[in-house]
Amino acid sequence: MINRLLVANRGEIARRVFATCRRLGVETVAVHSDADADAPHVAEADRAVRLPGNSPVETYLRIDLILDAARRTGADAVHPGYGFLAENAEFAAAVIDAGLTWVGPPAKAIAAMGDKVAAKALLADAGVPMLPTWTDLDQVTDFPVLVKAASGGGGRGMRVVREAAGLAEAVTSARREAAAAFGDGTVFIERYVERGRHVEVQIFGDTFGTVAALGVRECSIQRRHQKIVEEAPGVVPPEVRERLHEAAVAAGRAVGYVGAGTVEFLLTPDGDIHFLEMNTRLQVEHPVTELCTGLDLVRLQLLVADGEPLPEEAVYAKTSGYAVEVRLCAEDSARGFRPATGVLHRFAVPGVSAEFGELTRAGLRIDSGVVDGSTVAVHYDSMLAKVISWAPTRGEAARALAGALARAELHGVTTNRDLLVRVLRSPEFAAVEVDTGFLDRHPKLFAPLVPFDRMPLYALAGALASAAGRRASAPVLAGLPSGWRNVPAYPQVTRLLGPDGEVEVRYRLDRTGALAQWSVRATGPNAEGPATGRVDRAGAGDPAGAGDPAGGVGDPAGVGDGGWPAVALVSATAERVVLDVAGVRCAYRVHGIGSAVHVDGPDGSVMLTELPRFPEPTTELAVGSLLAPLPGTVTRVHVTAGQQVVTGDLLLTLEAMKLEHPVLAPVDGTVVELPVPAGTQVDTGVVLAVVNPLEDAR
């Protein structure tokens, strides 16, 4: 019987396993890198052991250190979680050789499925349908194809190649990324199916030879080949569901599978199924299966590892209702969804009724690796949390999940929340018109929730809240309304940096604290109006229509010259601003952290940065400077100083959060500086290269 379990992982999955252990009375042991010393999974464990360093290679991928941690803490079992060593046959064998209970499939099954090329051959003999696969570049004559890592998953080491000319570079790049993520740079190539759906079957096996299918999951909505929305049960015809179950069980039996596993398939538009891979571990998306079946899959893992037979409720699992899960990731949408880092000052999702499967069936569940104050570092995966909704119908589950995400307060680190909400609310998702190219065909879904024409209200609310906070803490004249001016020609001015550029807010309050005049002047790529890209939004609550020389003009009819209806200030504190817009009250929650101002309103959330009235002088960068978009390591420098380049040429490769980020030439020109050599760790904003434009290079 398992009494003390070490989880050889971090973040959300470690917390998820610990939650079941607490319910079962099993003691827990965490391991952690230096960067994770204050992480929630460490605080929640009964015991914790430091793995010196930060990179996965020197911490979470060190088999010797993890086994030593188990020995030092008296753990009698090891759970690998997912990622890192979860699908490492050597690790599984080492755990068993150390006399510990391995909470996972046999090392032999992991090895068989870990080599995806050999796995395809093995399962093809078992009757599981396959896509054409190649290991030699010269064998590939039919495009498009997909380059895939032979080990690991999560979209790492995957590249779609549509023409022969790009195959060699795609293979080289995929090998580097796979080696960095999994310690194995082996890749293979398979046929890429347009408009295919990614579906999978959760299987469970025990030591008595039982292999059960627990239902189909839909995982087609992906970005960078990584799933971001998953649901169960997958919406497929009954005959397709039966074929998927049969093929998945056949795959499990072919390798003598024990424990939790997932068999992934590609479903073609014609209804054909093709095996993709078998993940010999618990999947990230396992909560949707738990909510639809009422089963705790971690509990089943522990039971099977203890030698117990799979219980009847799992062997004959029935599903009820629908569950939808999204992966909330730290990503910067303004920079091509690059991974984002920083301190998560506030992390609050409303309406959560369960965490980590506290209830196996709940309205809204969250499995997170972070809490308020968590630091999101560059060393690991960008996923912050999984938010899961269950309801009797698919539409209800999606609507509730979208609403909770839209109202969530996620402050300090940019996320992919807006994209997730738009996907869940899209008519195409509602109609189950999904496939792996879903996001490529619907670029409109990448737009922020708050449209540009609503930004003035958010900026006004942010400026009013900041001023109210300063007024409340002022040691003198506290009775004066914030923003009041004795001379109306000089309004209060607040400059903010928004997602689309700088915003200047000017406003004046009268003696009663009412909003007499306001104007917002914004610049940016989405600005409407003249060719300069400038848009003015102005309004007034002043029946006298007093002029505002800054650009806003009072209007006795209650309509500003920017087209806004009358806006009146109902109340303003440092945390909450209520505006009356043409008779409709809108509340804005405001959270200020230093110069950052987070405004959550009816349309969504906006992060603004209050700019100093008198900015400090800064060092001027050389023309053509290319800056690091995020912290990371320069893994390769592809050019030399003095080299001529054209727009789009690859200059450097930056690795962060287990992904490669290319740094490309922005113009035709000459590389005049390469101040950062390969192997250097850099912070955001460091100059990586300087490219003189062609006209300057002559």
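Predicted model: local features only at pLDDT ≥ 70, side-chain atom pairs only at ≥ 80, totals over all residues.
Residues are numbered from 1 along each chain as its sequence is written, and side-chain values use heavy atoms, with hydrogens and water left out.

The chain holds 17 helices and 43 strands; these are DSSP runs numbered from the N terminus, helices being H or I of at least four residues and strands E of at least two. Of its 698 residues, 54% count as buried, that is, under 20% relative accessible area with a 1.4 Å probe, protein chains only, whereas exposed means over 50%.

Let me turn to helix H3, residues 63-73. Its buried residues are Ile63, Ile66, Leu67, Ala69, Ala70 and Thr73. They lie on the same side of H3, because they cover an arc of only 150° around the axis, taken from the directions from the helix axis to the C-beta atoms. Arg71 and Arg72, on the other side of H3, are exposed. The buried residues of H3 pack against strands S1 (4-7), S2 (27-32) and S3 (47-50), and against H4, where contact means heavy atoms within 4.5 Å. Gly74 follows H3 and has a positive phi, near 75°.

Finally, I consider H4 (residues 89-97) and H5 (residues 107-114), whose axes come within 8 Å and cross at roughly 175°. Ala89, Ala92 and Ala93 of H4 meet Ala107, Ile110 and Ala111 of H5 in this contact.

Conventions: Axes fitted to C-alpha atoms, helices over the stretch in contact; angles between N-to-C directions.
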